[in-house]
Amino acid sequence: MIDEILNSPYHASIETAAVLTILIFLEAVLSADNAIALAAIAQGLENKKLERQALNLGLVVAFVLRIALILTATWVQQYWQFELLGALYLLWLVFQHFTSVEDEDHLHHGPRFQALWQAIPIIAFTDLAFSLDSVTTAIAVSQERWLVLTGATVGIITLRFMAGLFIRWLDEFTHLEDAGYITVALVGLRLLLRVANDALVPPEWLMITAIALLFLWGFSKRNVEDSPEAIVPTENKEKAEVPK
């Protein structure tokens with residue numbers, strides 16, 4: 001049966017559909033850690049409307065940069081300096097997150113922005129740094145540029161949807177932001193290992209497993225103030241305040 005399919009005149013179409021499905025799946029899986037990083041960065045605006053605008057505009061710029069990276073991937077892969085810069089940038093974001101001070105005025109770790117235009121390039125370049133890893137994987141699956149471009153387009157759409165969800169979840173779960181930045185550190189370290197010695201780079205299945213475990217930890221504890229038990233009905237609250 002398989003031989004008949006492979007030898008059929010529709011073999012090329014079947015192969016194209018299979019490769020495209022794999023690319024879309026890879027983009028969706030590899031977008032999870034990217035999405036939480038972008039959501040956490042957008043929170044630096046501390047205004048929900050501006051956060052959504054920053055994600056929308058930042059990902060438009062990111063899409064243009066990602067397309068440029070795909071079209072020049074063969075050239076970019078010849079220079080390890082790009083991966084080194086991407087790795088150092090991601091690790092800088094992680095360092096800034098874990099060393100920043102949280103206070104009553106700033107409940108957000110990591111970069112803080114006073115204006116929308118400050119957040120947009122950070123979001124775009126963060127996606128570009130992640131793309132140095134994901135685009136290499138996509139190129140390894142298929143040398144057909146149009147397939148990789150299609151996968152990247154779906155990936156950006158998926159990324160925007162997932163980042164929107166993570167913006168909400170970051171306020172609900174205690175460990176989620178830290179888990180997200182640890183995954184950013186893993187991607188940065190992976191890029192560093194690729195620069196140092198490609199043989200030391202961990203396989204994709206190991207990275208996906210580690211990220212999945214980190215996300216399980218990230219969703220393991222809900223903030224008390226966001227839990228249903230913590231919400232006291234107004235009537236009961238008023239009754240409780242009435243002195244006996």
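The model is a predicted one, in which local features need pLDDT of at least 70 and side-chain atom pairs count only at pLDDT 80 or more, while totals for chains, interfaces and linings use all residues. Residues are numbered from 1 along each chain as its sequence is written, and side-chain values use heavy atoms, with hydrogens and water left out.

The protein holds 10 helices and zero strands, where helices (H or I, at least four residues) and strands (E, at least two) are DSSP runs numbered from the N terminus. Of its 244 residues, 40% are buried; buried means under 20% relative accessible area, exposed over 50%, and partly exposed in between (1.4 Å probe, protein chains only).

Two packed helices are described by the angle between their axes and the distance between the axes. For H5 and helix H8 (residues 176–196), the angle is about 155 degrees and the axes are 8 Å apart. H5 is therefore roughly antiparallel to H8. Here axes are lines fitted to C-alpha atoms, for helices over the stretch in contact, and angles run from 0 to 180 degrees between N-to-C directions; angles under 35 degrees count as roughly parallel, over 145 as roughly antiparallel, 65 to 115 as roughly perpendicular and the rest as oblique.

Side chains of opposite charge can pair when their charged atoms come close. With a salt bridge defined as a side-chain nitrogen of Lys or Arg within 4 Å of a carboxyl oxygen of Asp or Glu, the count comes to five. One of them joins Asp171 and Lys48, with the closest N and O atoms 2.7 Å apart. This pair links distant parts of the chain, 123 residues apart, with Asp171 in helix H7 (residues 145–172) and Lys48 in helix H3 (residues 48–71). Asp171 is partly exposed, at a relative accessible area of 35%, and Lys48 is partly exposed at 38%.

Asp127 and Arg66 also meet in a salt bridge (2.6 Å, N to O). Asp127 belongs to helix H6 (residues 116–141) and Arg66 to helix H3, 61 residues apart; both residues are buried. Arg222 pairs with Glu172 in a further salt bridge, the closest N and O atoms being 3.3 Å apart. Arg222 lies in the loop between helix H9 (204–218) and helix H10 (234–241) and Glu172 in helix H7, so the pair ties together parts that are 50 residues apart in sequence.

Finally, Tyr79 sits in the loop between helix H4 (73–76) and helix H5 (80–99), and Tyr79 counts as partly exposed at 37% relative accessibility.
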